[in-house]
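Good morning, and thank you for the time on today's agenda. Please look at the structure as it comes up, and I shall then go through a few of its features in turn.

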Amino acid sequence: MTQDLVQRQTTFEATPINPGAWLPIALYAGLSLALIAALLWSMASGRYQVPFTHVIGILAAHVMDVTPTWTPTERIVVEVVRLPRVLTAAIAGAGLSLCGAVLQGLFRNPLVGPQTIGVSSGAALGGVAAILFFGFGIFVQFGAFVGAAAALLAVLAIHRSDSHSPILTLVLAGVVVSAFCSALVGLLTYIADPETKLPDIVFWLLGSFAAATWWKLLLLSVCTAIAGVVLIGMRWRINVLSLGDEDARTLGVHPARDRLILLTATCLAISAQVGVSGTIGWVGLVIPNLARIIVGADHRRLLPISTLMGAVFLVVADTLARDLTAAEIPVGIVTAIVGTPVFAYLLRRNATSKTP
Amino acid sequence: MIRIDRAGHWFRPDRWLFRDLSFALAPSEVTAILGPNGAGKTTLLRAVCGTLSLREGAVNAEAQIGYVPQALQADHAYNAIDMVLLGRSRYLGRFNSPGRKDKARARECLHEVGLSAVAEQRYDRLSGGQRQLVLLARALASDCSILVLDEPASALDLANQGIVLRLIQRLARTRELAVLLTTHHPDHALGIADKTLLMLRDAEHLYGPAGSVLTEENLARMYGVPVRRVEVHSGDETISAIVPLHGLSRTEPASIANG
């Protein structure tokens with residue numbers, strides 16, 4: 001009788017009031033508001049301060065009649081300089097976090113991200129090669145995609161050769177491929193013409209949204225949208241694949257083709273981001289983990305929440321990169337300063353939870 | 001319902017795991033596979049499920065197979081109900097997520113194994129017995145008519161072994177499922193199996209009604225340890241049990257191995 005009671009008590013305690021219904025809606029609404037707020041704040045702040053109300057007025061003037069209270073300079077700063085930049089940051093952050101969450105699910109490993117798995121470095125190598133041999137333009141995008149795909153194939157080839165400790169080998173294979181790509185990037189920058197090509201390459205590699213244009217934004221948006229539709233569309237399949245190949249097969253799903261589709265879409269989004277703004281690390285690794293702590297592992301919720309959180313995070317990081325010091329610091333440095341301690345914490349958390 | 005025809009497989013060409021293995025599964029019938037470690041039990045199950053292609057012979061399945069793996073790994077942080085819902089995946093397109101009907105079916109199956117109370121709890125925080133039942137519910141959710149289980153009771157304590165095995169037996173009868181399971185406990189086979197397949201050393205095997213295959217001689221030959229089959233009376237029920245004669249009497253099992 002007592003035991004029965006104890007049992008019931010624990011069951012009751014462990015089953016909280018089902019948060020399923022309202023939590024996601026509140027989260028989506030909150031994150032959407034946060035994203036809008038971050039975008040407006042980002043457009044208002046900087047060396048040339050634009051009042052908040054003016055930013056809203058300038059944007060609203062496109063859809064309704066607003067009596068201008070702002071100066072023409074403010075309009076140019078917001079519309080020409082800052083708007084494409086903040087939108088690029090938002091979409092890049094969304095794409096990176098989405099891809100990170102997908103990769104972590106596919107490889108059943110929370111320590112995987114676009115950077116740790118070598119995709120970002122591969123894209124950087126492809127981009128540098130494209131700048132060196134063809135110059136800027138669509139070639140950079142194409143080169144980044146080819147580089148990303150090649151790096152991913154190399155990582156998978158190394159990974160497959162050892163199945164004893166898959167989680168560790170995957171991360172190590174990523175480190176190896178990243179190191180190799182970085183060496184080749186070093187070689188290419190060394191042989192690049194210091195008068196013409198080198199500044200382009202170095203500036204691009206630093207990772208920044210300072211050079212964002214409407215044209216680059218369009219390119220990034222199209223690639224990220226295509227990848228996003230595929231990845232979020234296949235969110236349930238990612239749940240199935242995260243169980244492992246054997247289980248997926250017995251559940252009637254053929255993992256190989258699904259994985260190929262998912263990885264191709266991932267490469268497309270990551271290489272588009274690298275092509276537009278250079279390598280930006282840590283976003284795709286840290287944000288999905290934070291999202292998982294909040295909404296759980298189910299990719300039906302994790303993917304959209306991670307996407308939104310990534311957009312907010314990178315807009316904030318880019319604004320800080322722009323405003324913290326008199327001279328702009330590359331956004332990759334800001335994301336690394338925030339990301340590395342969080343990654344260290346996750347590594348520790350992961351290590352302790354695996355050995356109960 | 002499903003026929004295994006002259007099946008044979010090896011991982012090293014000089015060592016057949018099994019060969020010329022033929023048997024069939026019928027609805028409402030439980031078939032147990034017994035054999036020493038490394039005899040190829042799991043390999044045979046994988047071949048039956050179609051995740052491994054045999055070197056020889058064929059598996060002819062005319063109905064949907066539901067597979068229940070061992071619940072050893074607990075690294076999935078999905079809720080119990082979502083784990084069951086994964087069983088619906090074969091009916092969903094690549095870009096589809098489970099709908100209202102799938103969710104209702106999953107709840108039904110979780111209820112059938114008696115775990116409705118933990119539906120919203122995380123799978124990796126359930127007990128071993130509960131995880132095994134969730135995986136069983138997942139297979140049921142795939143609307144299978146053949147149920148294949150890999151050592152469903154091996155990681156469970158005595159009470160949970162009974163719960164899981166009785167449930168399997170009941171499901172076989174009520175849902176007219178053809179059940180195939182592996183086990184290391186001859187008692188379990190005696191308790192719930194209609195047919196038994198013994199996988200012996202050197203790719204040999206014995207197949208037949210559980211009562212007539214699970215003899216002292218056959219089991220001693222298979223495990224290389226002398227055994228006694230004893231009957232225990234409990235009320236008006238008679239329970240058969242297999243008792244190995246190692247350890248207690250300090251006889252050396254090695255001298256009897258391989259006959």
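I begin with one pair of residues: the side chains of B:Asp82 and A:Arg300 form a salt bridge, with 2.9 Å from N to O. Please keep in mind throughout that this is a predicted model. Between chain A and chain B, the count of salt bridges is four. Polar contacts were counted across the interface as well, and there the rule finds 12 residue pairs, both residues of each being at pLDDT 80 or more.

Which helices of chain A each supply at least two residues of the side that touches chain B? They are H1 (2–14), H9 (214–233), H10 (235–241), H11 (245–250), H12 (255–277) and H14 (299–323). Of these, H10(A) gives the largest share, five residues. Sorted by class, that side of chain A has 10 nonpolar, nine polar and 10 charged residues.

Let me turn to the extent of the interface. The size of an interface is often given as the accessible area lost when the parts come together. Here, the area buried between chain A and chain B is about 2500 Å², and carbon and sulfur atoms give 55% of it. In chain A, the residues that lose the most area to chain B are A:Trp236, A:Thr250 and A:Leu251, which together make up 27% of what that side buries. As for the residues in contact, chain A contributes 29 and chain B contributes 29.

I now move to the backbone, and to two residues in loops. A:Trp282 has a positive phi of about 75°, although it is not a glycine. This residue lies in the loop between H12 and H13 (283–295) of chain A. Is A:Trp282 buried or exposed? A:Trp282 counts as buried because its relative accessible area is 19%, and the cut-off for buried is under 20%.

In chain B, B:Asp143 is likewise not a glycine, yet has a positive phi of about 55°. B:Asp143 is found in the loop between helix H4 (128–141) and strand E6 (146–149) of chain B. Its relative accessibility is 35%, so B:Asp143 is classed as partly exposed.

Finally, a hairpin in chain B. Strands E8 (residues 195–199) and E9 (residues 205–209) run antiparallel and are joined by five bridges. Within this pairing, B:Lys195 stands opposite B:Pro209 of E9(B). Five residues lie between the two strands of the hairpin, and B:Asp202 there takes a positive phi near 60°.

Thank you for your attention.

Notes. Residues are numbered from 1 along each chain as its sequence is written. Chains are lettered from A and ligands numbered from 1 in the order in which they are written. This is a predicted model: local features need pLDDT of at least 70, side-chain atom pairs count only at pLDDT 80 or more; totals for chains, interfaces and linings use all residues. Side-chain values use heavy atoms; hydrogens and water are left out. Two strands pair if DSSP finds at least two bridges between them. Helices (H or I, at least four residues) and strands (E, at least two) are DSSP runs, numbered from the N terminus. Contact means heavy atoms within 4.5 Å. Buried area is the accessible area (1.4 Å probe) that two parts lose on being put together, summed over both. A polar contact is a pair of N or O atoms within 3.5 Å; within protein, one must be able to donate a hydrogen and the other to accept it, and residues adjacent in sequence count only if both atoms are side-chain atoms. Ala, Val, Leu, Ile, Met, Phe, Trp, Tyr, Cys and Pro count as nonpolar, Asp, Glu, Lys and Arg as charged, and the others, Gly among them, as polar. Buried means under 20% relative accessible area, exposed over 50%, partly exposed in between (1.4 Å probe, protein chains only).
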